[in-house]
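Visitor: Pick one part of this chain and take me through it slowly. I'd like to see how it ties in with the rest.

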Amino acid sequence: MKTTAMEKAGETAGKCGLSPKDLMQKAHKIKYDEFYTRYEDIEKEIPLYDKEIWKDKVVFCNCDDAVDEKDGKINENRTSAFALFFINNFKTLGLKKLICTHYSGPVDLFSAGSDGQVYLITYEVGKDGKIKIEKQSPKGYTGSFDDPLSLKILKEEVDIVCTNPPFSRAIEYWKMVVKSGKKFLIISNISNAINTAYIPYFKDNEVWAGYNRIDYFLNPKKQLADASGHWYTNFPITDRPKYKHLKIMPLKEIPEKYIKYDDSKTLLVDDCYAPSNYNKPFAVSARPILNGLLEKGYSIIQEKRYTPYINGEEKFARVLVQKV
Ligand SMILES: C[S@@+](CC[C@H](N)C(=O)[O-])C[C@H]1O[C@@H](n2cnc3c(N)ncnc32)[C@H](O)[C@@H]1O
């Protein structure tokens, strides 16, 4: 009898403790590693923060593959939008330095000009007031965000990390960046607030949503590809425009169709409604968290995602919150 690819995947998966479903999800994420951020999405998000946060700061793009530069000329088509944005706005933002890495992954969209070489590239203003570009290929450096040299730079030099890290390694990336104690502004999956791997960061107020969602990335052929991304940060959000989507009101005023009780009698509330007079835990989707519910007197009370069952049937995952 012929073995199907799925069965083969199952065998391999079994050996490394993963189910075939886990493997499929992993493969899916790896595919998204090669999606790139559009310049306009960066241009839309960054100006929303207080301009002072960038002044005299060292910015690190540590998952950007990064800049195609020769003799001081940038090939924009082969440069990550993050690197390009900071290069174009270096003086306007008052940056001190930009450091970008090049990771030699399987697809090298941006850096064909550098022959897939692993490198670090830095931009800073020289003594003559002109931008000074320096490119190095340190011996043994992999360009990975968790390479000892990347971690040393992060610890010793960097003020702000800004990138769209690989989806397949987002869990490790979040752990690394939060532990570093540095400021960050990064893109990740829109549903992280209901994912057990990330819920503790939202619960402990170490990460919150940035301003915008990301609906499109570019694939390696530079074609538009649907996306479900969002900005996440630990920079203050002063006036979150998305508060207006939250509908906080007494329970009995919430339309019935947005309220359910699951088999364990937990209240499920949809469509960004939140009861203002309910003191027990209730379950919500990621959307109200992204719209700032945790800044309006509610806290996450369980580190694991909440999976409701209604009449024994599994419903979509949520997170448990409670009025403080
Ligand atoms: C989702 S893409 C985003 C690329 C770029 N930051 C952007 O926003 O357009 C993730 C990038 O991370 C790179 N990458 C994968 N594993 C990495 C690692 N361990 N360290 C650093 N970069 C990595 C991939 O090659 C890919 O370029």
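Guide: Let's say two residues are in contact if their C-beta atoms, placed from the backbone, lie within 7 Å. By that rule, among contacts between residues at least 6 apart in sequence, 63% join residues at least 24 apart. A caveat before we zoom in: this is a predicted model, where local features need pLDDT of at least 70 and side-chain atom pairs count only at pLDDT 80 or more, while totals for chains, interfaces and linings use all residues. Residue numbers run from 1 along each chain as its sequence is written.

The part I'd pick is β19, residues 319-323. Helices (H or I, at least four residues) and strands (E, at least two) are DSSP runs numbered from the N terminus, and the chain has nine helices and 19 strands. Two strands pair if DSSP finds at least two bridges between them. β19 belongs to an open, mixed sheet of five strands, ordered β12-β13-β15-β19-β16. At the edges stand β12 (259-261) and β16, each with a single partner strand, so one side of each has no neighbour in the sheet. From one strand to the next, the twist averages 35 degrees, with axes fitted as lines to C-alpha atoms (for helices, over the stretch in contact) and angles running from 0 to 180 degrees between N-to-C directions.

Now for the two neighbours of β19. With β15 (residues 282-284), β19 pairs antiparallel over three bridges, and V284 sits opposite V319. With β16 (residues 298-300), the pairing is again antiparallel over three bridges; there S299 has Q322 as its bridge partner. Q322 also has N279 alongside: their C-alpha atoms are 6.6 Å apart, although 43 residues separate them along the chain. N279 lies in the loop between β14 (273-275) and β15.

Beyond its neighbours within four places in sequence, V319 is in contact with A193, I194, I199, A283, V284, I289, I300, R305 and Y306. A nonpolar core here means a set of buried Ala, Val, Leu, Ile, Met, Phe, Trp, Tyr and Cys residues joined through C-beta atoms within 7 Å. The largest such core has 75 residues, and V319, A193, F202 and I289 touch the most other members. Helix α4 (residues 81-88) gives this core its largest share, six residues. At least three core residues come from each of domain 1 (29-238) and domain 2 (242-323), with bounds taken from an automatic or database domain assignment.

For a look at the other sheet, there is an open, mixed one of eight strands, ordered β6-β5-β4-β1-β7-β8-β10-β9. β9 and β10 (residues 224-233) pair antiparallel over seven bridges, with F217 opposite A225.

Definitions and conventions: A residue is buried if 20 or more other C-beta atoms lie within 10 Å of its own, exposed if 12 or fewer, and partly exposed in between; C-beta atoms are placed from the backbone.
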